[in-house]
Amino acid sequence: MTANLPGQAGKTAVLEKGWWKAHQWLLLRRISQLSILLLFLSGPWFGYWIAKGNLTSSLTFEILPLTDPYILLQSFVAGHDIASTALYGAIIVTLFYLLVGGRVFCSWVCPVNMVTDAADWLRRKFNIKGGAHLSRKLRYWLLVMTLLLAAATASIAWELVNPVSMTHRAIIFGFGYGWLIVLSIFLFDLLLTRQGWCGRLCPVGAFYSLLGRFSIVRISARNREQCDDCMDCFMVCPEEQVIKPALKGADKGYGPVILDMNCTNCGRCIDVCTKNVFSFSNRFNNSTLLNAFIKEEVAP
Amino acid sequence: MSVKSRQSHISRRRFIVETARAACGVALLGVGLGLYTRQAKSLPAMAIRPPGVKDESDFLAACVRCGLCVRDCPYDTLKLSRLGEPVATGTPYFEARDIPCEMCEDIPCIKACPTGALDKELTNIDDARMGLAVIVDQETCLNYQGLRCDVCHRVCPLINEAITLEPRHNQRSGKHTLFIPVVHSDSCTGCGKCERACVLEEAAIKILPLHLAKGELGHHYRLGWEEKQKAGKSLVTPDEEHQYNLPEGLKYEHEGQGLMKESR
């Protein structure tokens, strides 16, 4: 089989597995993203308070504090003695993402993901190619810059312009001109660079990548020998460079688990694959030998 | 040069160029953002921070812009700055003329703050110093015209402490009294109820940030009457006893009268 066209990515999966099965993880992610917004909006909209605050720091059911460790790190670098509530909140969040994967924040929580996913989807549909080349490493430079700037200005400078927290805050507390930022990111991703914001620039995502460097939950190309090279997973993946070692690196000694820290655990590759190559797994389940052994046991 | 070493030369060259490019691009962005940060630290005068904020610069290092203080403010006084407003994006503030601070005794905004940006050591709201009320316009303030408006005085939660009415002679009529509202910085919390209540189209009393509202004496400066009180006696009079070559018929009275005619 030869590679599908980008605009056709996922079509075969819909035909063979049915629409629901071919959008299972995508739907779960959208439900997750929207219900997290709803947790924050139920108070101001219906007067029933579940989560107060926003993604930088929140209080759920008046008891559970959650704080973004990245903004707290900037605050610390800027010279502020952090109070205990925020610190506990950041520890809880850190432990959670160490377990499920750092960039689960990006694909399952962050509201900007819906904007950039929409841009990427339209890019494929309208076959928009090329644009400005930006390195995927640029975000780590930006991450370093935000921390240096926090130290140099003795304030959380990045928060003045951070589109991620700005979007979430705008949805919950009112937009102001925040919609301009959302629109800018959408157009940037649509016309200038594929996955330009989330995949190349966003220092929040870079921070969560590093946080999830050794996280447990991972996607595995468990049945990689079934791959028919349709390329659908590469076309829908927001970080397509993470797939290759796991999917195609068997002869180079790579295990089937996607260990790249930039993988967002979005599960879209599982959705679009008609050969059931991918599934959620964990980083310890990465031995090629063990894998073959299990397969013999399970599939006689 | 062999092919291999030329290739490694090219890849090294590319690595250096790409690294320099990324570093420069990001540094340029950083310079821009850094300058913007400096500007963002200049809080406009009409924006008042919640209680427990001492210094704007420290606050911008501590506040994570979560809005928990806003959520727990029972009077919807506090709001988060939106993009495009002249206050650092996402930080809480209020405008006294819209909704002033009601000075809740339990200070829920400070309790809600997870990072300590609002200082938990402030437990008595009367000790809050959000700003200072200032009569910014004597030309329109009704009390300065000799009328008995007194509204700012009467709405003040610390009436007769933070705002007092001081009687002055009314020079215009020549026979009435002006009741001049005087704000005392040792009591005024900057809650803004006076600014909210001012009956004029544009308030004549306004809450200003302390650094704009307060003067400061030179540190070497001493006020005679205070020094006199501290010392328990006059430090200038009586003068030291000394000899004068006074004109005939005059004497020097040391208890404060000075030069005077000798009584015969």
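**A walk through a predicted two-chain model**

On the surface of chain A, Leu38(A), Trp45(A), Phe46(A), Tyr48(A), Phe61(A), Ile63(A), Leu64(A) and Ile92(A) form a nonpolar patch with about 920 Å² of accessible area together. Patches are built from residues with over 30% relative accessible area and no salt bridge; nonpolar side chains (Val, Leu, Ile, Met, Phe, Trp, Tyr) are joined within 5 Å, like charges within 9 Å. Accessible areas come from the Shrake-Rupley method with a 1.4 Å probe, and for residues only the protein chains shown count as cover. This is a predicted model, in which local features need pLDDT of at least 70 and side-chain atom pairs count only at pLDDT 80 or more, while totals for chains, interfaces and linings use all residues. Residues are numbered from 1 along each chain as its sequence is written, chains are lettered from A and ligands numbered from 1 in the order in which they are written, and side-chain values use heavy atoms, with hydrogens and water left out.

Helix α3 (residues 24–46) of chain A gives the most to the nonpolar patch, with three residues. Helices (H or I, at least four residues) and strands (E, at least two) are DSSP runs, numbered from the N terminus. Leu64(A), one of the patch residues, is found in strand β3 (residues 64–67) of chain A. Its relative accessibility is 34%, so Leu64(A) counts as partly exposed. The classes are buried (under 20% relative accessible area), exposed (over 50%) and partly exposed (in between), with a 1.4 Å probe and protein chains only.

Asn54(A) lies in strand β1 (residues 51–54) of chain A. Asn54(A) counts as buried because its relative accessibility is 1%. Contact means heavy atoms within 4.5 Å. Leaving aside residues up to four places away in sequence, Asn54(A) touches Phe40(A), His168(A), Arg169(A), Phe173(A), Arg65(B) and Cys66(B). The side chain of Asn54(A) also makes a polar contact with that of Thr56(A), at 2.7 Å. A polar contact is a pair of N or O atoms within 3.5 Å; within protein, one must be able to donate a hydrogen and the other to accept it, and residues adjacent in sequence count only if both atoms are side-chain atoms.

Next come the charged pairs. Side chains of opposite charge can pair when their charged atoms come close. In a salt bridge, a side-chain nitrogen of Lys or Arg is within 4 Å of a carboxyl oxygen of Asp or Glu. Over all chains, the whole structure has 22 salt bridges. One of these joins the side chains of Arg30(A) and Asp117(A), at 2.8 Å from N to O. This pair links distant parts of the chain, 87 residues apart: Arg30(A) is in helix α3 and Asp117(A) in helix α7 (residues 112–125) of chain A. Asp117(A) is buried, at 17% relative accessible area.

In chain B, Lys54(B) forms a salt bridge with Asp119(B), the closest N and O atoms being 3.1 Å apart. Lys54(B) is in the loop between α1 and α2 (56–62), and Asp119(B) in the loop between α4 (108–112) and β3, so the pair ties together parts 65 residues apart in sequence. Lys54(B) counts as exposed, at 75% relative accessibility.

Strand β3 (residues 132–135) of chain B pairs with β6(B) in the antiparallel sense over four bridges; two strands pair if DSSP finds at least two bridges between them. Ile135(B) stands opposite Ile205(B) in β6(B). Strand β6 (residues 205–208) has a covered face, Ile205(B) and Ile207(B), and an uncovered one, Lys206(B) and Leu208(B).
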